[in-house]
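Please look through the sequence and the model below before reading on.

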Amino acid sequence: MDELQEIIQKLSGDNAKSLLLNLMYRIQEIKESKNSQEEKIEKIYFLYEKILNVSKYKNPFEREYKKVHLVCGESQAGSLKVGLDRENMVIGFPDFFAEGPIWELHKKVGQKHRHEWLRDHLIFYNDYFEDEYQNRFSKTIAKIEAIPEHLPIVIWTAENANEQIGLRFFMYLLKDKSNDIYVINTTFSYLDLFQSEEFYSEVHTGEVPPEKLNMIFQKTITKSLTAEERTAFEKEWVVLSQTVDVIRILENNKIIPATEDFLDESVISVAQKIHAKQREKDFIKAGRIIGEVFAQIENKVSDAFLEYRLRSLIYNGVFEIKGIPKGMQYYSVKLR
């Protein structure tokens with residue numbers, strides 16, 4: 001108990017709130033689960049071990065920064081961290097907003113709904129959705145809430161559904177903060193500075209080299225958003241957060257819903273082309289089909305979502321399967 005008390009006393013207020021929020025969520029999840037009493041007790045012990053490790057949590061703003069940058073995705077955050085100097089704090093949101101429900105995502109009920117949908121439909125590895133997803137989500141929101149009022153905030157976006165939705169989600173989370181907020185659109189800034197059409201079909205911030213991200217930051221950040229612009233983004237998030245679709249694309253500068261099966265024909269077409277090159281129709285590795293479709297779609301969805309659609313086509317009798325669909329590397333398919 002002395003060790004536990006010492007650990008908890010080291011926590012800042014924000015870290016304590018984040019930890020408590022995460023623990024309460026997990027306890028509620030355990031309480032509502034259909035697991036046996038023994039399994040529930042085992043989960044409780046696991047949470048206890050987590051508490052003993054909270055001394056590793058640190059206030060992200062213990063040192064001085066000049067600006068805070070928000071970006072969708074941890075790989076994008078990595079590129080920014082390499083490109084910018086250490087006076088800039090970078091927060092990468094660990095999610096992909098183009099797929100999965102975003103209904104009421106700014107509330108716990110919406111976060112739980114999204115978590116359950118992703119867990120039930122997409123295959124990820126290393127028990128990500130059991131042990132990591134909610135923890136990372138909660139910790140990132142806590143970081144955003146902990147941004148000191150005096151620090152300017154830079155939100156990075158680009159011409160794709162994921163980052164455009166992320167922009168509006170961030171703006172809603174920041175609605176009660178008085179910080180100056182700047183928005184950088186990587187797509188338009190890249191085209192303007194480097195006059196290259198090559199990037200137009202690859203409109204994700206994480207695809208820009210770190211040194212060019214730094215140049216974009218240095219040369220394009222000018223005026224902060226007005227109160228009216230901030231309010232407009234917040235209202236757009238409120239509208240988005242009432243939708244129930246699970247896929248969104250960017251079309252004619254608008255975020256619009258797509259049907260869940262909108263890429264199924266692409267999956268079938270790739271399989272048909274591979275079959276046409278075979279001497280006789282044979283099984284194809286699931287990963288090969290998914291990889292070829294993914295290369296064609298400019299990151300509209302993740303490979304995990306494509307694998308989910310391939311499984312759906314199997315269940316609907318479009319494909320035969322050989323192997324066990326516990327991951328794309330474990331099975332092969334062929335068209336019936």
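1. The model is a predicted one, in which local features need pLDDT of at least 70 and side-chain atom pairs count only at pLDDT 80 or more, while totals for chains, interfaces and linings use all residues. Residues are numbered from 1 along each chain as its sequence is written, and side-chain values use heavy atoms, leaving out hydrogens and water.

2. Strand β1 (residues 67-72) runs parallel to β3 (residues 153-157), and three bridges join them. Six bridges join β1 to β2, again in parallel, and here leucine 70 stands opposite isoleucine 91.

3. These strands belong to an open sheet of four with parallel pairing, in the order β2-β1-β3-β4, where pairing requires that DSSP find at least two bridges between two strands. At its edges are β2 (88-93) and β4 (181-185), each of which pairs on one side only.

4. Although β2 is an edge strand, six of its six residues are buried (under 20% relative accessible area, with a 1.4 Å probe and protein chains only), so it is largely enclosed by the rest of the structure. Asn88, Val90 and Gly92 point one way from β2, whereas Met89, Ile91 and Phe93 point the other way.

5. Helix α4 (residues 74-83) lies across β1, β2 and β3 and runs at about 165 degrees to β2, the angle being taken from 0 to 180 degrees between N-to-C directions of lines fitted to C-alpha atoms. Together, β1, α4 and β2 make a right-handed β-α-β unit, meaning that, with the strands pointing away from the viewer, the path from the first strand over the helix to the second runs clockwise.

6. Leaving aside neighbours within four places in sequence, arginine 309 is in contact (heavy atoms within 4.5 Å) with Glu260, Asp261 and Asp264. Its side chain and that of glutamate 260 are joined by a polar contact of 3.1 Å, a term for N or O atoms within 3.5 Å, one able to donate a hydrogen and the other to accept it within protein, with residues adjacent in sequence counting only if both atoms are side-chain atoms.

Methods: Helix = DSSP H or I, 4+ residues; strand = E, 2+ residues; numbered from the N terminus. Buried < 20%, exposed > 50% of the residue type's maximum accessible area, 1.4 Å probe, protein only.
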